[in-house]
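Trainee: I would like to go through this structure and ask what stands behind the terms used for it. Please set each value against its rule.

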Amino acid sequence: MTTEDEWSVPAQWCAKAEPFRGRNTVRAREIPAGATAKLAAVLARYRPRVWDWLEVPPQGEFGAAVAAAKGYIQAPDAPVTPLAAAVVWALADYDLRHREDERTHMRECFLDSWIQRHGPVFTAETVVWSRGIVVDRRRSGEGWLAAVLELAAPDDPNLIGFDYLAQSLRAHLADIPDDEYQAVVQRLSELRADPGTVWARLACTYLVPDQQDWLEVDLAADGQGPRSRARTMLSSCLTTENQLHRFLEVTGPPVYSPDSQRYSMLTQVGPAVLPMITQQFDWSAGNNWTEDIKMLSGVLSHAPTDAAYQALLNRIDNKHVAAALDKASARYPRRAMRLLSRQAAELATPLVVRTLRLHTAAYPDLVTEYAVAEALPLLESTKRLPDADAAALPPALTGEPPKKTPKPPKWLVPNLLPQLRLRAADTVLPETAATRFITMLIASGSDNDHPGIDEVSAVVEPAALAEFTWAIFDAWQLAAYPAKNGWVLHALALTGNDDTARRLVPYINAWPGKSGSARAVEGLRVLAAIGGEIALMHLHAIAGKTKYDSLRTEAEKQVAAIAERLGLGEEELADRVVPHLGLSADSTLRLNYGPREFEVGLDHELRPSISAGGRSLRSMPKPAAADDPELAPVAYQSFRDFAKELKAVTTDQLRRFEAAMVDGRRWRAPAQRTMIIEHPVLGQLARRLVWAIFATDGTVTGSFRVDQDGTLADIDDERLELPADAHVGIAHPLHLGDDLERWREVFTDYELLQPFEQLERPVYRFTPQEAASNELPRFVDRRVPTGKLYGLRQRGWELGYSALSRRFGVNRQVIVSVSPGIQGGYSYEAEEQVIVSVQCGGGEFGELDALTASELLRQLERLAA
């Protein structure tokens with residue numbers, strides 16, 4: 001048995017590390033034939049701009065080098081000094097600073113030509129000089145920008161980006177013959193003395209990292225100054241723990257550097273680098289830098305330390321980290337058992353507990369010795385019911401399985417799932433049968449479900465089936481939704497119930513904002529497949545409220561399909577899908593705790609009211625020790641679900657009813673009674689409003705309210721019977737005329753609180769001048785909070801960059817232009833907008849009917865208040 005504390009370096013790390021002569025086998029890129037000819041073609045392409053820059057009088061000691069550089073541009077195969085070649089390289093590289101692909105090709109052309117035409121000593125000196133050249137853009141006397149050459153100060157490391165030119169040369173130097181290499185070392189040692197600048201010394205040390213005495217001198221130098229890329233590149237030269245500590249004192253950990261530097265430190269210094277890797281991992285995970293997270297978590301999964309494993313465990317909610325943690329647990333199962341169990345006992349988060357259970361299932365023999373005692377209760381299985389006899393099972397579970405049977409994924413352990421209890425029995429499917437049922441779910445799809453699904457569904461309790469597949473979904477989301485396991489959502493569609501719909505909706509709403517739009521769209525199809533009032537209510541709400549276009553489109557598609565199947569219009573379907581929330585016809589819900597029973601109703605604000613034994617309670621009591629241990633928790637959770645859904649329903653229906661009043665929606669009298677008055681929630685809402693009766697030409701012929709017993713009463717409080725062909729709607733103050741004040745008195749006498757402004761709703765009118773125009777100057781130059789504009793989308797307005805608009809009928813559209821413009825909620829969006837104009841396209845404002853005009857002006861006045 002191998003110890004879990006031994007440090008070993010994976011072979012792939014050496015291949016990914018930067019070249020180090022004598023330490024790894026990384027080979028340099030092969031230099032193609034005709035390299036100088038390729039460079040000549042590159043220089044011909046960029047010659048005009050570089051030549052113009054060389055015409056600018058150089059700064060300092062570049063006079064001779066600039067003259068030689070002009071000759072080098074015209075004939076790159078002619079003799080040239082390293083400094084002149086470096087000047088041309090620096091200007092060409094500067095010209096391509098924003099075109100990385102071209103820059104990489106050009107870099108290869110320069111380096112290949114130098115090595116092939118002039119040899120490694122010349123090339124090494126050229127690369128060193130390139131480190132000291134500063135290209136700065138300045139405005140000339142004629143006013144145009146030009147590139148100006150300067151030599152960096154002696155104590156300036158002078159490197160902003162990573163020096164890929166030096167990295168490529170270092171790879172070549174690591175693989176040349178010894179005599180050539182020694183000549184390079186000799187010349188670089190001279191350059192360390194002359195020019196002897198910081199930038200020259202650091203470049204020399206980087207190019208030949210086996211010269212460790214140079215590195216020791218550079219690390220020991222005083223006055224190192226601020227962190228720079230030139231210093232952090234020395235990280236790939238480190239070979240000892242002392243060098244590492246000094247390096248970190250001088251520069252701190254490398255930041256924004258290639259992974260090759262980290263691999264160099266890991267392979268050359270060893271486990272002493274791990275604390276730095278752990279620190280960088282925490283930083284990258286905190287900033288959600290995906291590529292760094294992948295690389296660093298992969299490294300930590302190989303690290304034989306508690307700190308490395310704990311760092312991964314602390315970020316287990318990241319899918320890339322979770323994958324690395326899984327590998328670490330397989331490499332170090334004892335450490336994993338010890339640290340997982342400790343974290344599970346301390347925090348008891350679902351993901352950690354589930355990971356511990358999965359690890360326990362894989363390594364049951366390690367539990368006794370390595371799991372902490374406090375975590376053992378988390379590993380205890382709930383009391384299992386006895387397995388059903390084979391005779392009670394359907395043939396799909398007892399017959400010979402197909403030869404090609406899919407296997408459950410690694411993240412799904414069948415014996416950790418809830419039991420599948422049989423209908424009207426105290427027995428459950430055996431584990432082998434439950435596992436086979438999982439394979440049936442995996443083999444099913446939207447067009448071809450496994451025939452055994454129906455057989456199992458016929459013998460298993462529906463609630464148990466729904467809980468079983470939700471547990472599968474839960475495991476899937478804890479595993480970060482592996483893409484190959486999309487069958488999980490289809491399993492919910494096959495077996496889900498109202499509870500499934502309730503649980504799934506928050507995920508559907510959240511997924512598009514987390515790169516999960518396709519998953520969210522599939523989730524909508526699950527809701528449609530589940531059906532029922534809860535699923536349909538949420539489907540309709542998502543269609544009207546979501547800010548994600550893909551989600552809205554699919555939700556509207558599903559709603560339209562359901563409406564067509566039922567032969568209903570969109571608004572009729574919206575009435576039909578409002579859930580009863582378990583309320584009886586008298587709008588009450590009874591919850592049983594065993595020795596205690598509670599009655600839940602709706603108060604005047606359509607919030608839950610609770611009573612017990614004729615006494616009102618402020619809140620629903622939590623289950624007590626004397627309550628039934630099975631009934632009470634279920635009843636308490638039922639109340640919590642009821643309260644949450646009631647709030648969602650009332651919020652949505654208040655918006656719909658107010659829109660129905662404004663938009664002039666009409667119901668036939670029988671439909672109003674069955675879908676609204678007799679509905680336990682909508683009926684309470686209807687009782688707090690005044691309704692109008694409309695003739696076929698739209699004129700108002702009467703008005704009424706809905707009494708507490710569901711009967712109708714007119715303005716004189718006389719009982720009213722409506723004919724079956726009567727059309728009714730929610731009355732607007734403009735519909736009530738002289739009866740408006742009398743209705744106010746009635747509602748005051750009966751102490752009826754209205755759910756939104758109806759009887760007290762102000763009425764607005766255009767001035768004669770406005771009515772005869774297609775513009776509303778009264779709103780121009782008013783300031784509007786930008787956030788208010790987004791709220792108008794729920795009232796039928798569409799938002800563009802510089803305007804919001806709404807159609808009124810087929811031919812008219814009101815357009816409100818604003819400045820500086822709407823930016824979709826981004827951080828740089830202005831907090832306020834100024835109304836530039838309000839215009840009516842397709843006619844004059846006076847052509848709008850009185851109710852439409854009043855509501856338009858009301859919205860604009862509230863917007864600009």
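Mentor: This is a predicted model. Start with helix H26 (residues 487-495) and helix H28 (residues 517-530), whose axes come within 8 Å and cross at roughly 15 degrees.

Trainee: Why are H26 and H28 called roughly parallel to each other?

Mentor: Their axes cross at roughly 15 degrees. Angles under 35 degrees count as roughly parallel, and H26 and H28 are therefore given that name. The crossing of H26 and H28 is right-handed.

Trainee: Which residues in H26 and H28 meet?

Mentor: From H26 come Leu489, Leu492 and Ala493; from H28 come Arg519, Glu522, Gly523, Val526, Ala529 and Ile530. Divided by class, this contact of H26 with H28 has six nonpolar, one polar and two charged residues.

Trainee: What is the backbone feature at Ser515, in the loop between helix H27 (498-510) and H28?

Mentor: Ser515 has a positive phi of about 60 degrees, although Ser515 is not a glycine.

Trainee: What makes helix H13 (residues 259-268) and helix H14 (residues 274-286) roughly antiparallel?

Mentor: H13 and H14 pack at an angle of about 150 degrees, and their axes are 10 Å apart. Angles over 145 degrees count as roughly antiparallel, so the term applies to H13 and H14. In this contact Arg262, Met265 and Leu266 in H13 meet Leu274, Met276, Ile277 and Gln280 in H14. Five of these residues are nonpolar, one is polar and one is charged.

Trainee: Why is H16 called oblique to H18?

Mentor: Helix H16 (residues 306-314) and helix H18 (residues 333-347) pack at about 45 degrees, with axes 11 Å apart. That angle makes H16 oblique to H18, because the roughly parallel class is for angles under 35 degrees and the roughly perpendicular class runs from 65 to 115. H16 and H18 cross in a right-handed way.

Trainee: Which residues in H16 meet residues in H18?

Mentor: Asp306, Tyr309, Gln310, Leu313 and Asn314 lie on the H16 side, and the H18 side has Arg335, Ala336, Arg338, Leu339, Leu340, Arg342 and Gln343. By class there are five nonpolar, three polar and four charged residues in the contact of H16 with H18.

Trainee: How do you know that Arg103 forms a salt bridge with Asp93?

Mentor: Their closest N and O atoms are 2.6 Å apart. The rule asks for a side-chain nitrogen of Lys or Arg within 4 Å of a carboxyl oxygen of Asp or Glu, so the pair of Arg103 and Asp93 qualifies. Arg103 is in helix H5 (residues 100-118) and Asp93 in helix H4 (residues 82-95), 10 residues apart. By this rule the count comes to 53 salt bridges.

Trainee: Where are there cis peptide bonds?

Mentor: Pro195 lies in the loop between helix H8 (178-193) and helix H9 (198-207). Another joins Ser819 and Pro820, with omega about 15 degrees. Pro820 is in the loop between strand S16 (812-819) and strand S17 (832-841).

Trainee: Which elements have the lowest and the highest mean pLDDT?

Mentor: Strand S2 (residues 145-151) has the lowest, 70, and strand S8 (residues 691-694) the highest, 97. The protein chain averages 89, and 95% of the residues score at least 70. Where pLDDT is low, predicted coordinates should not be read in detail.

How values were computed
Residues are numbered from 1 along each chain as its sequence is written. This is a predicted model: local features need pLDDT of at least 70, side-chain atom pairs count only at pLDDT 80 or more; totals for chains, interfaces and linings use all residues. Side-chain values use heavy atoms; hydrogens and water are left out. Axes are lines fitted to C-alpha atoms, for helices over the stretch in contact, and angles run from 0 to 180 degrees between N-to-C directions. Helices (H or I, at least four residues) and strands (E, at least two) are DSSP runs, numbered from the N terminus. A crossing is left-handed if the near helix is turned anticlockwise from the far one by less than a right angle, and right-handed if clockwise. Contact means heavy atoms within 4.5 Å. Ala, Val, Leu, Ile, Met, Phe, Trp, Tyr, Cys and Pro count as nonpolar, Asp, Glu, Lys and Arg as charged, and the others, Gly among them, as polar. pLDDT is the predictor's confidence in each residue, from 0 to 100.
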